[in-house]
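Please keep the model in view while reading.

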Amino acid sequence: MFPINRPRRLRTSPQLRRMVRETVLTANDLIYPLFAVPGDSIAHEVKSMPGVFQLSVDKIVAEAKEVYELGIPAIILFGIPETKDADATGAWHDHGIVQQAATAVKEAVPELVVIADTCLCEYTNHGHCGYLEVGDLTGRVLNDPTLLLLKKTAVSQAKAGADIIAPSGMMDGFVKIIREALDEAGFQDTPILSYAAKYASAYYGPFRDAADSTPQFGDRRTYQMDSGNSREALKEVELDILEGADMLMVKPALSYMDIIWRVKEMTNLPVAAYNVSGEYSMIKAAALNGWIDEKRVTLETLTSFKRAGADLILTYHAKDAVRWLNEQ
């Protein structure tokens with residue numbers, strides 16, 4: 001009557017559990033997002049994202065040094081320009097805020113990998129990810145004219161020192177045109193991390209506070225994916241691979257682990273998962289109210305992304321996570 005197989009034998013001590021653990025989270029898996037703003041000595045906390053700040057370039061550099069010392073290999077830069085316009089000038093200008101931040105970080109911490117988010121929503125005066133028809137109040141972005149802005153943005157970011165270009169606007173053909181533009185400009189060795197499967201998600205709410213990128217009208221459902229679709233994600237991924245993507249991203253992560261798994265199963269390329277702002281803020285809010293153990297829930301959540309197939313995890317928890325991992 002007694003069980004022959006007793007799996008609990010391998011759970012009897014912390015050492016045994018460590019020895020047989022199938023999925024191990026490390027600092028090497030993490031990428032830390034940073035938000036750059038004009039000015040000096042600015043560190044403005046994002047109200048809906050406790051512990052996340054809009055930072056001037058000098059503060060970005062200080063943060064980059066701390067990130068590197070913790071052993072986190074990469075940051076991804078987002079920018080909030082001083083002014084916005086219909087041409088998203090701040091995105092592709094040689095002296096744009098992301099360009100300034102990328103140059104400063106590479107000068108100060110040359111071994112830290114700098115990823116540039118290559119999108120336009122933070123820089124347009126309407127908050128959408130590209131050109132709109134004159135008078136359009138629906139937010140339906142004009143795909144092909146927007147590709148011209150994205151190629152200029154990618155090249156300017158690479159010139160500024162960005163190690164990886166990460167297009168996130170979900171425009172059809174954006175990987176191909178960016179790859180061609182980078183190659184023509186002499187950046188053949190600059191990889192593209194494509195936001196290949198980016199969903200029109202309600203989890204992005206706090207990010208829009210951080211990046212000042214809330215659409216002034218309409219929504220992004222004509223270019224970001226419908227949350228009910230999984231086969232479409234695989235189609236998007238397949239197209240980006242054919243166009244030359246070096247790495248692929250699924251965004252968000254928490255409600256889309258099935259997508260992470262399916263993408264990982266179909267390709268040998270590295271797969272990234274973006275642990276987005278809403279996911280971060282939910283843990284923070286619950287922890288601040290004493291409802292959960294922030295450390296345990298955070299590490300469990302990040303490990304689950306890796307277990308689902310993510311090779312890389314973009315997360316605002318990165319610094320805390322590494323400190324907690326070092327305590328173990």
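Glu 327 counts as exposed, at 54% relative accessibility, where exposed means over 50% relative accessible area, buried under 20% and partly exposed in between (1.4 Å probe, protein chains only). This is a predicted model, in which local features need pLDDT of at least 70 and side-chain atom pairs count only at pLDDT 80 or more, while totals for chains, interfaces and linings use all residues. Residues are numbered from 1 along each chain as its sequence is written, and side-chain values use heavy atoms, with hydrogens and water left out.

Glu 327 forms a salt bridge with Lys 295, with the closest N and O atoms 3.2 Å apart; a salt bridge is a side-chain nitrogen of Lys or Arg within 4 Å of a carboxyl oxygen of Asp or Glu. This pair links distant parts of the chain, since Glu 327 is in helix α12 (residues 318–327) and Lys 295 in helix α11 (residues 294–308), 32 residues apart. Helices are DSSP runs (H or I, at least four residues), numbered from the N terminus. Lys 295 is partly exposed, at 28%.

A salt bridge also joins Lys 176 and Glu 180, whose closest N and O atoms are 2.6 Å apart. These two residues are four apart in helix α6 (residues 174–184) and therefore separated by about one helical turn. In total, the structure holds 14 salt bridges.
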